Amino acid sequence: RNVKVTMATKKLASLLVKVGVNGVEVEKEFRTLEKKAENLGKNLQSFSKRYSVAVTAPLIAAGYGAAKAADVQLKAEARLLTALKGREDIQQRLIAQAGDIQSRSNFGDEEIIEQQAYLASLGLTEEQIKRVIDASVELSVATKSSLDSAVRNLAKTYGGLTGELGESIPALKNLTKEQLMNGEAVQYILDNYKGYAETTLEGLGFTEQLKNMIGDLGEQLGAVLLPVIKDVVSDLADFVKWMEN
């Protein structure tokens, strides 16, 4: 009986030792797995941040840039239509003029449309607006002045004033008030400064025109994106948040 007890005790002791040793090994394995899981979590978080910067952010920026370009164009066209008191037929013809000028110069069509809207707000007729715009792009290049300045100075001549133009172009001082109001100052610019706008395409000037063309493409893309851009950004934000989690 004593022998049996001794053997049982030894077996029990041996079993306890094995369990103890295995328990230590299991604990070590759990700690190793825990550390690996922690490292994996850090790596996933790091990846999600890099993904946000390298992929998501540029996509959002590109979409927003296109939408913003379209927004600028649409607002300019809306202001023109408002100034024309809702005359869409005239608006479309003036927009076509802006596109034509852009195709043969470095002036962007949205810049031209803004000036057309200004002239329309002054009460000028469609024909007067077209003539002032045509003369202004030539005058702007010839005198190295801004389009805005050229448009405003020529618009003043319809009120019988030469203003700054009379100082830079003395010949205009010879026109009477009636002649100015009849648009002869504008006609003088059209006759004597014709072709200056096209000179902006000489040399590397065509790169600016290419920029305007790419801008138009962006505007068209933005016009498509505008109705859904809010939902797209929201979805991307949710995706980034999911990645980070």
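Q: What makes Ile101 count as buried?
A: Its relative accessibility is 1%, and buried means under 20% relative accessible area, with exposed over 50% and partly exposed in between (1.4 Å probe, protein chains only). So at 1% Ile101 counts as buried. A quick note before we go on: this is a predicted model, where local features need pLDDT of at least 70, side-chain atom pairs count only at pLDDT 80 or more, and totals for chains, interfaces and linings use all residues. Residues are numbered from 1 along each chain as its sequence is written, and side-chain values use heavy atoms, with hydrogens and water left out.

Q: Where does Ile101 lie, and which residues does Ile101 touch?
A: Ile101 lies in helix H2 (residues 88-103); helices here are DSSP runs of H or I with at least four residues, strands are E runs of at least two, and both are numbered from the N terminus. Leaving out residues up to four places away in sequence, Ile101 touches Phe107, Ile112, Ile133, Asp134 and Val137, where contact means heavy atoms within 4.5 Å.

Q: Why is Val137 called buried?
A: Because its relative accessible area is 1%, Val137 falls below the same cut-off of 20%. Val137 sits in helix H4 (residues 126-143) and touches Ile101, Phe107, Leu147 and Ala197, not counting residues up to four places away in sequence.

Q: What makes H2 roughly parallel to H4?
A: Their axes come within 11 Å and cross at roughly 15°. That makes H2 roughly parallel to H4, because angles under 35 degrees count as roughly parallel, over 145 as roughly antiparallel, 65 to 115 as roughly perpendicular and the rest as oblique. The axes are lines fitted to C-alpha atoms, for helices over the stretch in contact, and angles run from 0 to 180 degrees between N-to-C directions.

Q: Which residues meet where H2 packs on H4?
A: From H2 come Ile90, Arg93, Leu94, Gln97 and Ile101, and they meet Glu126, Ile129, Lys130, Ile133, Asp134 and Val137 in H4. By class, that contact has six nonpolar, one polar and four charged residues. For the classes, Ala, Val, Leu, Ile, Met, Phe, Trp, Tyr, Cys and Pro count as nonpolar, Asp, Glu, Lys and Arg as charged, and the others, Gly among them, as polar.

Q: How do you know whether H3 and H5 are roughly parallel or roughly antiparallel?
A: Helix H3 (residues 109-121) and helix H5 (residues 147-157) pack at about 25°, with axes 11 Å apart. That makes H3 roughly parallel to H5. In this contact Glu111, Ile112, Gln115, Tyr118 and Leu119 of H3 meet Leu147, Asp148, Val151, Arg152 and Ala155 of H5.

Q: Is Lys85 buried or exposed, and what makes it so?
A: Lys85 has 76% relative accessibility, so Lys85 counts as exposed. Lys85 is found in the loop between helix H1 (2-83) and H2.

Q: What makes the phi of Lys85 worth a look?
A: The phi of Lys85 is near 60°, a positive value in a residue other than glycine. Most residues other than glycine have a negative phi.

Q: Why does Lys144 count as exposed?
A: Because its relative accessibility is 79%, Lys144 counts as exposed. Lys144 is in the loop between H4 and H5, and its phi is near 55°, again positive.
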